[in-house]
Amino acid sequence: MTVFRGPPGRPSALVSWWRRRPPLGFAAKVSIAIALGLSFVITWTTLSPTSSSQQISTERTYFAADIADPPPTSRNATSTSGHRKKPSPRGHKKRHPPARSHRPNAIPSPDAAAAKANRTEPDSMPEQESNENEREPASEWETEPGEEQEQEQEPEFAVPEENVESNGKAPKEEEDGKAPELELGDDSSELDGDEDDFAETAKSKDSKKKKKLPPLFSPAAHYHWKLCSAKSGHHYTPCVDFDGDGSQRHHERSCPRSPVTCLVSLPKEYKLLAPWPERKEKIWYGNVGHPRLSSYVKDNSWLNRTGEHLVFLAEESEFKGGAKHYIETIDEMVPDIDWGKNIRIALDIGCKSAGFGVALLEKDVITLSLGLTNDQTDLAQVALERGIPATIGSLGSRRLPFPSGAFDVIHCSECNIPWHSNGGKLLLEMNRILRPGGYFVISSRHGDLESEEGISASMTAVCWNTIAYSSDDVSELGVKIFQRPASNEEYDLRAKKDPPFCKEAQNKATAWYTPIKHCLHKAPAGIEERGSDWPEEWPKRLETFPDWLGDLQTRVAADHSHWKAVVEKSYLDGLGINWTNIRNVLDMKAVYGGFAAALSSEKVWVMNVVPVHAPDTLPVIFERGLIGVYHDWCEPFSTYPRSYDLLHADHLFSRLKNRCKEPVTILVEMDRILRPGGWAIIREKLEILDPLEAILKSLHWEIVMTFRKDKEGIMSVKKTTWRP
């Protein structure tokens with residue numbers, strides 16, 4: 001632009017006009033300021049480099065908000081597969097930047113992890129998940145398999161009122177031992193039935209105006225942690241220990257009235273565990289030791305305490321001659337049992353050395369040891385320390401937290417359980433959880449004639465067939481093997497209909513705080529019912545989806561493919577986790593067992609937890625040859641402190657937003673059941689993940705890796721040995 005100027009020393013015409021103009025008003029000045037600001041923003045947006053969010057891969061298929069229900073056949077769950085890179089073998093995977101490196105010495109500091117996550121190359125990023133939001137339309141990227149279906153199936157539930165105490169003391173217990181007052185909806189919806197009840201309930205809820213709920217975790221909250229003052233100390237197990245006193249225990253699960261907000265202490269001599277399989281043969285005694293266990297070790301020669309270690313010799317166990325010889329005896333009695341193929345899942349009641357389960361590991365059988373709450377030697381804790389699957393439970397008036405027809409074999413050796421007492425109720429519970437055609441193996445050293453006659457009469461009443469009996473001279477055990485009928489023909493031929501058949505309203509699937517009824521559940525009759533046919537041989541069973549699943553076949557298959565890609569592409573190499581130290585894994589919100597199936601080739605075992613408020617998918621998990629339990633995460637989990645090496649929480653907290661009075665107690669429970677040096681993988685919405693990170697930092701957990709994309713995120717954290 002050309003500017004005309006006047007003679008030297010005189011102002012130009014433009015300047016003269018500017019001086020003679022009337023003064024600007026307030027509105028004009030504001031308008032000029034806004035115009036200048038908008039010009040600056042437009043110029044900056046045009047000339048600035050691409051934002052970090054645009055530099056990140058937009059493939060979000062494997063970073064899923066929820067994968068409960070894979071899509072119906074009409075939806076193409078792999079519509080974007082043509083744009084994805086084929087997963088490369090782990091041995092040839094591209095080296096990741098330090099923030100994603102799986103090498104222990106390459107793990108970044110917590111402060112640097114988040115900053116480096118935004119600069120990581122697209123190929124090294126964990127796969128993305130779609131944003132789950134029930135009130136918003138679908139995003140522009142591909143929706144996670146079946147997310148819409150699960151959103152419809154999960155109604156909101158009322159939360160019981162509780163008084164919160166955070167004084168560091170173990171809370172008082174429920175005197176009557178009743179379950180919390182939870183509205184669990186219609187618990188007659190088993191997988192082999194119709195799932196429309198969930199959708200109808202959700203629609204009826206959506207039709208009502210909902211109140212806007214406060215954040216799950218308050219961003220302004222500050223946490224000051226205290227140690228639990230329970231007498232059981234570092235062995236404190238809520239819902240099992242009575243009033244925090246390790247010398248007394250509940251006969252059945254009974255949880256504290258107030259949420260547990262204190263931290264369980266560590267043993268003074270606690271040491272990190274050796275990797276698997278070394279820990280199977282030798283553990284640190286100081287990690288699990290207490291006076292009752294010490295006395296038990298002295299009285300049993302097959303437990304060897306050598307210096308600081310508790311040693312388990314392969315040729316020695318609670319079975320004379322060794323557990324291998326004991327299993328060989330069973331093989332000779334029933335050649336068709338075919339361990340590791342026909343038989344995949346076993347329940348060992350009354351855990352001792354877990355020798356039965358350890359011996360079956362070599363035959364590719366996963367054995368869940370059930371430690372009874374009245375066993376104060378805590379041998380189930382010893383089993384978990386060794387890396388053997390175990391849980392705590394009681395055989396009383398309630399059902400065990402397993403679905404019907406779950407186990408291929410149930411084993412009980414010298415467990416001294418009165419199966420025939422109280423009308424044979426405990427045997428009726430075994431009949432419920434044993435698969436039709438499954439085996440019940442019981443052995444004893446010193447037979448009580450009256451008890452044997454009572455057990456035989458009870459077995460006859462439930463139509464279990466005695467298929468073999470043997471008295472082994474080496475183990476000095478008398479072994480009896482029974483088989484549950486595979487059909488209802490034998491039930492119909494009973495001369496005396498006692499126990500009677502259960503009514504249709506007495507659902508055999510419900511198992512959370514459900515009393516045992518004096519009735520007999522029929523075997524599945526139609527081919528469309530789960531349990532009417534024996535599953536495929538292992539390992540084909542893992543990837544075979546039977547016809548009784550119906551429309552769920554597509555969803556389970558999509559779930560399987562989804563988690564296989566997540567584990568291979570992200571979890572094994574992209575989260576900084578040293579998997580050689582991982583053995584015991586807990587999936588806190590399993591759906592169809594896809595996460596556990598994806599880890600089946602690793603040297604780990606996974607406990608799949610299906611929350612009681614979610615659709616009942618646990619039968620599918622057992623059908624695939626995996627194990628799991630029902631649980632309500634508003635309560636403490638049925639296990640000992642420091643039980644697991646890795647916790648996996650995929651959108652667990654967002655699902656519990658309307659249920660738990662004190663959601664922070666879930667993190668307190670995670671701190672209790674995770675070992676020092678153990679890991680947690682948390683996938684959540686950012687509105688929940690951000691305050692979660694702050695709470696975990698207050699617990700002094702190490703934030704190894706965080707990754708955020710839009711409204712979703714994933715976090716890899718590691719527990720330290722810090723205690724307040």
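Q: What is a salt bridge, and how many are there by this rule?
A: A salt bridge is a side-chain nitrogen of Lys or Arg within 4 Å of a carboxyl oxygen of Asp or Glu. By this rule, the count in this predicted model comes to 22 salt bridges.

Q: Which residue forms a salt bridge with Asp 408?
A: The partner of Asp 408 is Arg 435, and the closest N and O atoms are 3.2 Å apart. Asp 408 belongs to strand E9 and Arg 435 to strand E10, so the pair links distant parts of the chain, 27 residues apart.

Q: Are those two buried or exposed?
A: Both Asp 408 and Arg 435 are buried.

Q: What about Asp 632, where is it and what does it pair with?
A: Asp 632 meets Arg 659 in a salt bridge, at 3.1 Å from N to O. Asp 632 lies in the loop between strands E15 and E16, while Arg 659 lies in the loop between helices H19 and H20.

Q: Why does Asp 632 count as buried?
A: Buried means under 20% relative accessible area, and Asp 632 counts as buried because its relative accessibility is 1%. Arg 659 is also buried, with a relative accessible area of 2%.

Q: Which residues are linked in a network of salt bridges?
A: The network links Arg 279, Glu 385, Asp 645 and Arg 675.

Q: New topic: which residues form a negative surface patch?
A: Asp 336, Asp 338, Glu 536 and Glu 537 form a negative surface patch. Asp 338 is placed in the loop between helix H10 and strand E6. With 32% relative accessibility, Asp 338 counts as partly exposed.

Notes
Residues numbered from 1 in each chain as written. Predicted model: local features only at pLDDT ≥ 70, side-chain atom pairs only at ≥ 80, totals over all residues. Heavy atoms only, no water. Patch = residues over 30% accessible without salt bridge, like charges linked within 9 Å, V, L, I, M, F, W, Y side chains within 5 Å. Areas by Shrake-Rupley, 256 points an atom, 1.4 Å probe, with all protein chains shown as cover. Lys, Arg positive; Asp, Glu negative; His and termini not counted. Charge placed at Lys NZ, Arg CZ, Asp CG, Glu CD. Helix = DSSP H or I, 4+ residues; strand = E, 2+ residues; numbered from the N terminus. Buried < 20%, exposed > 50% of the residue type's maximum accessible area, 1.4 Å probe, protein only.
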